[in-house]
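Please look at the sequence and the model before reading on.

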Amino acid sequence: MDTKWRKLRIIVSFTVFFVGMTLLLANFLSMVSLIGSNPDRLKSRIGADYQEQSDFRQYMSSRLEELLGVATGGKGWNNYGVVYSDDGITYYYDRYYDGYYGDEWRWYSWAEATEAQEVERAFDEELSVEVVEGEADISKEEWDEIQREYGIPDDTLDAIRGGEYGTKRNVIGDQKEALEAYMKEYARDKNLRYAVIYQGKLLYTNMEQLEPKVGEELQNPDFQGYLPAEEEYNFCMWFNEKGDGKVRISKDGEDLDVYGDGVYTEDSLWYVPGYTNFSVDESTKDAVIFIAAAKHPKLYITGNYSESGTVSNWGGLYQMQQRQTYRRERYLAVKWKLGIALFLLFLAVLLRKDKRQADKAIGRFLGHIWLEPKCLLFAGIPLVFLFTGGKDLLQELIWIYEDGWYMGAEELGFYVGRLMTGSSFLTAAFWMVYLGVLDLRINKGNRKSLLGPVIGSMRTKELKLSVQKRMVERNSRVFVFAVLFGVFFTFLVYLTCSHFYWDPLRMVLLIFTVLWGICLIVAGVWNLRKNKELARDLGALSDQIGAIREGNLTERLILPEDADLQSAAENLNEIQQGMETALREQTKSERMKVELVANVSHDIKTPLTSIVSYVELLKQEEDLPEHVKEYVQILGEKSERLRTMVQDVFEVSKAASNQLPVNLERLDLGKLLRQTLADMNVQIMESGLAVRTRIPEAPVMIMADGQRLYRVFQNLIQNALKYSLSGSRVFLTLTDDGSVAVANIKNTSGVELDDNVDFTERFVRGDESRTDGGSGLGLSIARSFTEACGGTFKVELNADLFTVTVEFPKIS
Amino acid sequence: MNECVLVVDDDREIVKAIGLLLEKEGYQVLKAYDGMEALKIVAEHPVRLIIMDVMMPKLDGLSAVMKIRERKNLPIIVLSAKSEDTDKVLGLSMGADDYVSKPFNPQELAARVKSHLRRYTSLGDIHAQQQADVIHNGRLCYRMEERMLYADGEPVKLTATETRIVELLMRNRGRIFPAEEIYQRVWEEEAFAPENTVMVHIRRIREKIELNPKEPEYLKVVWGIGYKMEKVENHC
């Protein structure tokens, strides 16, 4: 249950982190642009009131200017024509300067079509057609049919395709006609109500109640009163209401401050005439304009079926409001998403321990994937992105290449920048890097790779070769690659040159390349030969090192005088000589040491013989006083101890210089221990200590010298009996773990021991102040004898528990 | 008895101590302090046994032993401070009958002298009349019919169990018997951990037959394998 809960927590922690991070990154750029924008502007752009936007003010100013143009019958009522679209066809109105028909601006319209039937319809309306290249769903047959039906000249399509749209202008007529057509379209949008009065006469309006009065005199009318009651028009704009050429604007019944300090600057809110530095001419002062904007613009669709189907007011105020709503929704969505993202990331921080576990698990999973696909993926994902998101860039690049132009750094920067700012790119890049870092961190050192086994097998194959062969092989490999590269490169240069005309510079270049190639080959061959020699010497050197390791200290390594490794060989020879000398010296000094000890012990033994003999004689004297008998007893004990000590010193010194003769034979360690215990039974009884044994019945066969090993265990048991806390127990166990026989003797020390002391050192005793008892050689002899027999001897002290472990390799 | 024993050592104190010890045992002791002197005394006196040190001035012990052996067939015990096995082998092969390393146990030396002398004097003729039911082994001799063990010709008092052990080991001199086998064949029953029981008996037998029970010559432990009766050459 607990592990299940843990697992769930790990999964949740990572999911939370993943979703949070992805949300944050996906909205990161939106957030940056939101933070970076002017707060007032931002507020107006996403506010509830679309009329607060600068777009709205600009739109209204443009409408005023347009209507002023219409009122004065001037030529500037429309710069670029009304652009409105119907499903599939976009109509354009524009004017052009027609030199043939006098100094007249003529009006024309054209349509842009993408479907065959629309092309047809556009021809029906006698409009010129631009077939949008690449997108027109028009086959050769269809075009031929259209061409036949309308009698279009053959070169038209080419002209159209060549981008000269508007070549077949459909001239609507003179300016008056164009204006009427234009205003007819204009009136359709009921979100914008207007009235245009010029010289006191109402010219145009789209307010139904005022329409009957078109063409009549109208003095200072209350325009607001004519507005249809069913719609709410909260924004009104008057021009020249009082004949002063100024604009009044009211919103929700309140007048706005239009002019501020009366001087127009770039910062001014309203681009309308009436500033001290923005006045109108005299004829314009005869115009009175009223414009009202709906509080909630609607979409108006007119079913113009007799002419061209439905026409809508797509664009204008309605769209402006739609755009604002869309922006607001997006803004709110971003805000929410960021909030959720931050909350999730906070949760992830709280669950960071579990997340770390998840990271580890993912890292381990990534470790199972081969390295090569991972690398490809790592390089590939950005490439894929480049091909999808960066298609434009590539097309541009191809176009530029084909055209023979080179892209400037500025353009390149622009396209790359556009790529980088994509939120999806940012998110993808982040997760790629995150997983990459995770993989690197968790799977340090143990990469699973496709090429790995191949390289590995090559390496093991190489390891079987000697050093010199290995070096030669590696060098040859490099040489072969270099030659191949040289040949290929020369061929490439030749190809390049042969494609072009021959000029002296190219000739010189080619010759130099060939010369360089020859130099490379010569240098390579020379290098290869030298390396071969070096490899041979190196092999000899490593063989020599091996020989020294084997113990051959007399044969010297002779290399040619000019060999690279000559000095190394000399050094090695000197080391070898030094070792030989040192070894000789050491052997000599060991031998001398043993001889010295033997002589000294001999010299001690002779007087000791006298002491022992006379003590014995004294013991046999019958009429000695009691106290003298006691002295003699002590003398006897001490001389006996001295005797054993001299013998021990002799044996230890022999063992220490590896001169102890051992007679190795097969024996049963268990039996040896039982025999030793039986042999020492009396001593054990006398000590008052209990010896607990655990020795397997089955034989534990080892190779050792029985006599020596008996001394080892005799010493160990004696030691235990002598230094144990009285009344405590001595534990002797023999265990057999298959390959090693381990004998263990544990006892509780009677005195506190210092665990920094090596008890197997000669003359070391647990209690330095002790004057009776052992010579301090017991453990030393035990260790020496054990090691001489090929076993290991270990002393451990844990508080008062003194443990000696003797190990021997088992034989079958 | 008043048998004549020659003690040779360059260390006068040792010679004196050995002399005192042997005189207490009732021997007549002659003393010499180097090899030449020893040769002279051997030539002039009826010496029955020689105790000879190895390292001496003028003529060393081993050379002296070789010279004496050319003419006399009497027991010689060599004394030496060298206790290496090689030294012992060298001494014995030069013609010595026994080897005692310094510093020795005086009691042991006395016992050895006694043992050698008894065999040299009273038992000299025994092994001429070889009997099938008598097993000889160095100082020891087991008579099957009597079920009795003799050491240096003197009967050894053994218990029934000890006698059975001695008989088993004497019949198979040199063979190593694991404790289990000894127990099975002597007690005639299965044994659990027989080492202690067997060891107790062996220790008691040693005290009765060995000159120095702490360093046994005959009844030996083969560590990690078992026990055996060492096969000892019959001297004299």
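At what angle do H19(A) and helix H20 of chain A pack?

## Two helices within chain A

The model described here is predicted. In it, the angle between H19(A) and H20 (residues 626-656) of chain A is about 160°, and their axes lie 9 Å apart. Because angles over 145 degrees count as roughly antiparallel, H19(A) is roughly antiparallel to H20(A).

The crossing in which H19(A) passes H20(A) is left-handed. Sorted by class, the residues in this contact comprise 15 nonpolar, 4 polar and 5 charged.

## The side of chain A that touches chain B

Between the chains, 27 residues of chain A are in contact with 24 residues of chain B. On the chain A side, at least two residues each come from helix H19 (566-620), strand S14 (665-668), H21 and helix H23 (706-723). H19(A) gives the most, with 12 residues. By class, this side of chain A has 10 nonpolar, 10 polar and 7 charged residues.

## A helix pair across the two chains

Helix H21 (residues 669-679) of chain A meets helix H8 (residues 195-209) of chain B: their axes come within 9 Å and cross at roughly 50°. H21(A) is therefore oblique to H8(B). Their crossing is right-handed.

From H21(A), the contact is made by A:Arg674, A:Gln675, A:Ala678 and A:Asp679, and from H8(B) by B:Glu195, B:Asn196 and B:Met199. The classes represented in this contact of H21(A) with H8(B) are 2 nonpolar, 2 polar and 3 charged residues.

Notes. Residues are numbered from 1 along each chain as its sequence is written. Chains are lettered from A and ligands numbered from 1 in the order in which they are written. This is a predicted model: local features need pLDDT of at least 70, side-chain atom pairs count only at pLDDT 80 or more; totals for chains, interfaces and linings use all residues. Axes are lines fitted to C-alpha atoms, for helices over the stretch in contact, and angles run from 0 to 180 degrees between N-to-C directions. Helices (H or I, at least four residues) and strands (E, at least two) are DSSP runs, numbered from the N terminus. Angles under 35 degrees count as roughly parallel, over 145 as roughly antiparallel, 65 to 115 as roughly perpendicular and the rest as oblique. A crossing is left-handed if the near helix is turned anticlockwise from the far one by less than a right angle, and right-handed if clockwise. Two residues are in contact if their C-beta atoms, placed from the backbone, lie within 7 Å. Ala, Val, Leu, Ile, Met, Phe, Trp, Tyr, Cys and Pro count as nonpolar, Asp, Glu, Lys and Arg as charged, and the others, Gly among them, as polar.
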